[in-house]
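The sequence and structure come first.

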Amino acid sequence: MYIRTSGYGVHEDIRLCEVYMEISQDSIRGVQQSSTSFWNRVEEAYNKDKNENWEERNVRSVGARVRTIEKAIRKLNGCMRQIEAMNPSGVSNEDILAQAKILLMQDPSYSKGFKFDHVWNIMKDFEKFNNISKKGNSSAERPMGVKKSKLKRKNDEEVTKILNSIKEDNKQLREMLKKSQSDRGIYMESNSKNMALREFSEENKILMMDLNSIVDPNMRAYWEAEHRRIFQKRAQQSSSTSNTFGDYFTNIGGSDTNLPDY
């Protein structure tokens, strides 16, 4: 009868993964050993070096735990390759990993997120060395059948849909930013027109001043200079751009203004 063991702690996972990788990379005995021999070595090495307060694990337990970790890391590695395939420029490996974890959560089996950060650096390259542990393991690592092949294809399609959705969201975000910039441009143009209108109104007030009523010669000279400046400015605007102010105002100096006809 199989007795269920308690869950693995963080330090137990770390030690188990270290043992697993060490034995997987054993170039001397690696190609010679069967799956049973391989897992027996993992179980023996783990129990030999474990903390005395840790629970002793059997072959079935260590094998099941490693495969659970492998599966999650294989999924995350696949998500990273999907993100990298999008060729994000100026993105660090840490950013790619963070985006891959978000993508991983789209899989219902990992909706609560990636739970093996504590062994990621140990196991992230396990696919380079795990051919040995797969050899002869008929219970969990048999060749992919039609049903599993269909499931893999379905998962790949789901990932593609998710990536396409991300791309579409990014496209919509870019369009929203462009619209926002356009709206800001319209606002700035409108604000510019309002400022021009206020300036034009202030200049009109200056032009309507009765200079003969100003007794102080210095003040009168100042306002006369202002009159000349305004006339020169409007003459230059009129010659450089036809109807520059006509876009904003009509009948300057005509019957629709408070100015006398010039």
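## Glutamate 18 and arginine 15

Glutamate 18 is partly exposed, at 30% relative accessible area. Its salt-bridge partner is arginine 15, with the closest N and O atoms 3.2 Å apart. This is a predicted model. Both residues sit in helix H1 (residues 10–24), three residues apart, or about one turn of the helix.

Arginine 15 has a relative accessibility of 17%. It counts as buried because the cut-off is under 20%.

## From H1 to H2

Arginine 15 also forms a salt bridge with aspartate 49, at 2.9 Å from N to O. Arginine 15 belongs to helix H1 and aspartate 49 to helix H2 (residues 35–49), so the pair ties together parts 34 residues apart in sequence. Aspartate 49 is partly exposed, with a relative accessible area of 42%.

## From H7 to H8

Lysine 233 and glutamate 199 meet through their side chains in a salt bridge of 2.7 Å, N to O. Lysine 233 lies in helix H8 (residues 217–240) and glutamate 199 in helix H7 (residues 146–207), so this pair ties together parts 34 residues apart in sequence. Lysine 233 is buried at 17% relative accessible area, whereas glutamate 199 is partly exposed at 42%.

The structure holds nine salt bridges.

## The chain as a whole

The chain has eight helices and zero strands. Of its 262 residues, 30% count as buried. Among contacts with a separation of 6 or more, 65% link residues 24 or more positions apart. The accessible surface is about 18,200 Å², and carbon and sulfur atoms account for 51% of it.

Technical notes. Residues are numbered from 1 along each chain as its sequence is written. This is a predicted model: local features need pLDDT of at least 70, side-chain atom pairs count only at pLDDT 80 or more; totals for chains, interfaces and linings use all residues. Side-chain values use heavy atoms; hydrogens and water are left out. Helices (H or I, at least four residues) and strands (E, at least two) are DSSP runs, numbered from the N terminus. Buried means under 20% relative accessible area, exposed over 50%, partly exposed in between (1.4 Å probe, protein chains only). Contact means heavy atoms within 4.5 Å. Accessible areas come from the Shrake-Rupley method with a 1.4 Å probe; for residues, only the protein chains shown count as cover. A salt bridge is a side-chain nitrogen of Lys or Arg within 4 Å of a carboxyl oxygen of Asp or Glu.
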